[in-house]
Amino acid sequence: MDIKFYNVKTRSFVTVPASQVKKVKYETTTKKGKQQVRYAVKAEVDGMKLTKFVSQADWDKIAG
């Protein structure tokens, strides 16, 4: 399974194998005290760090 990232600096799409990405979960608390969770995958291509926010279902499908 390959994951498609958008490289903002080069303004192009980059495809990265799922084995080279790292899963990240960002947890924050809103002003009202509600817990908010955002799911993302990170990769580094040619020295540039790429981040893509994904749904929880897609995040669970990715191994690692």
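The following dialogue examines a predicted model of a protein chain.

Trainee: In what order do the elements of the protein chain run from the N terminus on?

Mentor: The protein chain has one helix and five strands. The C-alpha trace spans about 40 × 25 × 15 Å along its principal axes. Read from the N terminus on, the order of the elements is β-β-β-β-β-α.

Trainee: What percentage of the residues of the protein chain count as buried?

Mentor: The protein chain exposes about 5100 Å², and carbon and sulfur atoms supply 48% of that area. The chain holds 64 residues, and the share of them that counts as buried is 25%.

Trainee: How far apart do the centres of the positive and negative side chains lie?

Mentor: The protein chain carries 14 positive and 6 negative side chains.

Trainee: Which residue has a side chain joined to that of Asn7 by a polar contact?

Mentor: Asn7 is placed in strand β1, which covers residues 2-7. With 6% relative accessibility, Asn7 counts as buried. Apart from neighbours within four places in sequence, Asn7 is in contact with Ser12, Val14, Met48 and Leu50. The polar contact between side chains has a length of 3.4 Å, and the partner of Asn7 in it is Thr10.

Trainee: What distance separates the C-alpha atoms of Glu27 and Val37?

Mentor: Glu27 is found in strand β3, residues 22-29. Beyond its neighbours within four places in sequence, Glu27 is in contact with Gln35, Gln36 and Val37. Glu27 and Val37 are ten residues apart along the chain, and their C-alpha atoms are separated by 4.5 Å.

Trainee: How many aromatic pairs are there?

Mentor: Rings of Phe, Tyr and Trp pair if their centres lie within 6.5 Å. By this rule, the number of aromatic pairs is three.

Trainee: Why does the aromatic pair of Tyr26 and Phe53 tie together parts that are 27 residues apart in sequence?

Mentor: Tyr26 and Phe53 form a tilted pair, with 6.0 Å from centre to centre and 45 degrees between the planes. Because Tyr26 lies in strand β3 and Phe53 in strand β5 (residues 48-54), the pair ties together parts separated by 27 residues in sequence. Tyr26, at 32% relative accessibility, counts as partly exposed, and Phe53 is also partly exposed, at 43%. The two elements tied together are thus strands β3 and β5.

Trainee: Which element holds Trp59, the partner of Tyr39 in an aromatic pair?

Mentor: The pair of Tyr39 and Trp59 is tilted, at 4.9 Å centre to centre with 50 degrees between the planes. It links distant parts of the chain, 20 residues apart: Tyr39 is in strand β4 (residues 35-45) and Trp59 in helix α1 (residues 56-61). Tyr39 counts as buried at 13% relative accessibility, and Trp59 counts as buried at 12%. The element that holds Trp59 is helix α1.

Trainee: What is the value of phi in Arg11, which is not a glycine?

Mentor: Arg11 lies in the loop between β1 and β2. With a relative accessible area of 69%, Arg11 is exposed. Its phi is positive, at about 55 degrees.

Trainee: Where is Asp46, a residue other than glycine with a positive phi, found?

Mentor: Phi of Asp46 is near 55 degrees. Asp46 has a relative accessible area of 75%, over the 50% limit, and so it is classed as exposed. Its place is the loop between β4 and β5.

Technical notes:
Residues numbered from 1 in each chain as written. Predicted model: local features only at pLDDT ≥ 70, side-chain atom pairs only at ≥ 80, totals over all residues. Heavy atoms only, no water. Helix = DSSP H or I, 4+ residues; strand = E, 2+ residues; numbered from the N terminus. Buried < 20%, exposed > 50% of the residue type's maximum accessible area, 1.4 Å probe, protein only. Areas by Shrake-Rupley, 256 points an atom, 1.4 Å probe, with all protein chains shown as cover. Lys, Arg positive; Asp, Glu negative; His and termini not counted. Charge placed at Lys NZ, Arg CZ, Asp CG, Glu CD. Contact = heavy atoms within 4.5 Å. Polar contact = N/O pair within 3.5 Å; in protein donor to acceptor, adjacent residues only side chain to side chain. Phe/Tyr/Trp six-rings, centres within 6.5 Å; stacked < 30°, edge-to-face > 60°.
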